[in-house]
Amino acid sequence: MKSLGRRESVSGVAVIGGGPAGLMAAATLRQAGRAVQLFDALPTPGRKFLRAGVGGLNLTHSEPLESFLARYGAARPHLEPILRAWGPAEVRAWAQQLGFETFVGTSGRVFPSGMKASPLLRTWLKQLQETGVRFQGGWRWCGLEKSPSATDSDLLLRFDTPAGEQTLHTEAVILALGGGSWPRLGSTGRWVGILESLGIPIAPLKASNCGFDVTWSEIFKTKFDGAPLKTITATLHGHTTQGEFIITREGVEGSLIYALSAPLREEIESHGQAILLLDLAPDWSATRLTERLSRPRGSRSTSSHLEKATGLKGVKAGLLWEFLPRETFDQPEKLAAAIKALPLPLIRPRPLAEAISSAGGVRFEALTESLMLKTLPGVFCAGEMLDWEAPTGGYLLTACLSTGKWAAHGADAWLRG
Ligand SMILES: Cc1cc2nc3c(=O)[nH]c(=O)nc-3n(C[C@H](O)[C@H](O)[C@H](O)COP(=O)(O)OP(=O)(O)OC[C@H]3O[C@@H](n4cnc5c(N)ncnc54)[C@H](O)[C@@H]3O)c2cc1C
């Protein structure tokens, strides 16, 4: 790849951040005939995208668009036009155009054939290179100014590079810098300070799709660290979610918990903790459980009576012992009620660095409809660095790709004047 000199101009558009949002922005700009220079702080692009493929790259979801859009919660009004223009169906068509058929898994999630991110990313990067996108790795964007010496629309970008600080002039830039989770994959969230110093309103980055801490007893966490909880439901504010999660030394992790991470986080912020009501035996009614628990115990221990009567053992029984007073085990009705709605107190989300994704980011009020910063004409934002969150299920990648495309169209239209 050709290196830039110490002070050069990017004719066309600079895209900063080589994740899915930035790569899609670069591809779209090239299709529009724009020269594109893509920069990333890391030597190679798409590191988080690659990591996302480790357990199966969930590109999007096959549910009806109405339900799909509802997953973006409060950000839906801002994302809806963007996702309607280029959404789940287009993600699948895009993967197919790269040579990867997609398929719908049992949960409705959509994956590329082979499930992995690496072949898809390799093909995509090759296509970008062949179409003329120039990539500059190891360039960390560290500031932006309106160039005093040039025209109104001229922007000055500053980068830390292996060869020292470099500055570049450009007319338009797309920032696609990601959120703040898994910082070792490149998205450190350091851009927050840079944009705030330029007066851009940013909602604080917070952990989303993350685990939560629980104050387990030493005995419980030693015995059940890593234990999976299956066939379980969790109720928060009257809404019941089915799924699975695992016990960790710190608390709880897994898809069921991730799905509830936004309301759990908000509950903890307002009340200091969130109480999740677990149904440890969703297929049994409280009446049936009471009846079974009321049967004579004979010489059996409390634990074996519980197992014989209800089938509850291992980590599920452990949870009951962890949170219920000893005497409840001799009160069938009370014990049955606890099995159906065991309060699990969550005290804080795990740190952002461990989360799958970030909530918060550049506030939509700071952006025009085309995702350009109102106070910095020519500067567009896309991807996870925008102020939205969504559960896992392909909603994250879809919105990143889609906003990348949208911002690119915006930049192209803006340059056309
Ligand atoms: C373990 C894991 C599994 C996941 N699985 C899925 C999944 O299956 N499906 C799904 O939809 N989503 C998944 N996600 C989430 C998804 O990967 C992200 O939402 C998505 O990658 C965000 O895309 P982005 O382009 O906005 O940012 P990123 O992919 O984070 O890319 C941002 C890029 O910007 C670069 N950058 C940051 N700051 C600078 C700077 N100052 N200068 C230059 N470059 C900079 C970074 O190096 C990085 O390459 C997963 C995430 C994780 C961590």
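Modeller: Let me begin with a definition: two strands pair if DSSP finds at least two bridges between them. This is a predicted model, and strands 4 and 5 (residues 109-112) are joined by three bridges in the antiparallel sense.

Colleague: What makes strand 4 and strand 5 a pair?

Modeller: The cut-off is at least two bridges, and strand 4 and strand 5 have three, so they count as paired. As a detail of this region, F103 stands opposite F111 in strand 5.

Colleague: Which strands make up the sheet they belong to, and in what order?

Modeller: The order is 3-5-4, an open sheet of three strands with antiparallel pairing.

Colleague: Why is one side of strand 3 and of strand 4 left without a neighbour in that sheet?

Modeller: Strand 3 (60-61) and strand 4 (102-104) each have a single partner strand, so they stand at the edges.

Colleague: What is the order of the sheet of seven strands, and which strands are its edges?

Modeller: That open sheet runs 16-15-12-13-14-11-17, again with antiparallel pairing. Strand 16 (342-346) and strand 17 (348-349) are called edge strands because each pairs on one side only.

Colleague: How do you know that strand 12 and strand 15 pair?

Modeller: Three bridges join strand 12 (residues 228-236) to strand 15 (residues 274-279), and at least two are needed, so the two antiparallel strands qualify. T235 has L277 in strand 15 as its bridge partner.

Colleague: Why is T231 called partly exposed?

Modeller: T231, in strand 12, has a relative accessible area of 47%. Buried would be under 20% and exposed over 50%, so T231 falls in between.

Colleague: Where is L371, and is it buried or exposed?

Modeller: L371 is found in the loop between strand 18 and strand 19. Its relative accessibility is 2%, so it counts as buried against the cut-off of under 20%.

Colleague: Why do you describe strand 18 as largely enclosed?

Modeller: Six of the six residues of strand 18 (residues 357-362) are buried, so the rest of the structure largely encloses it. Strand 18 also pairs with strand 10 (residues 202-208) in the antiparallel sense over five bridges, and A359 in strand 18 is the bridge partner of K206.

Colleague: What makes W388 a buried residue?

Modeller: W388 has 2% relative accessibility, and the cut-off is under 20%, so it counts as buried. W388 lies in the loop between strand 19 (379-381) and helix 15 (395-416). Beyond its neighbours within four places in sequence, the contacts of W388 include Y72, L79, A359, F364 and Y395.

Colleague: How do you know that W388 and G383 make a polar contact?

Modeller: A polar atom of the W388 side chain lies 3.0 Å from the backbone oxygen of G383.

Colleague: Which residues come nearest to the ligand?

Modeller: D40, N58, W141, E384 and L397 come nearest of the 30 residues around it. By class, that shell has 15 nonpolar, ten polar and five charged residues. Helix 1 (20-31), helix 2 (47-52), strand 7 (140-146) and helix 15 each supply at least two of the shell residues.

Methods. Residues numbered from 1 in each chain as written. Predicted model: local features only at pLDDT ≥ 70, side-chain atom pairs only at ≥ 80, totals over all residues. Heavy atoms only, no water. Helix = DSSP H or I, 4+ residues; strand = E, 2+ residues; numbered from the N terminus. Buried < 20%, exposed > 50% of the residue type's maximum accessible area, 1.4 Å probe, protein only. Contact = heavy atoms within 4.5 Å. Polar contact = N/O pair within 3.5 Å; in protein donor to acceptor, adjacent residues only side chain to side chain. Near = heavy atom within 4 Å. Nonpolar A, V, L, I, M, F, W, Y, C, P; charged D, E, K, R; others polar.
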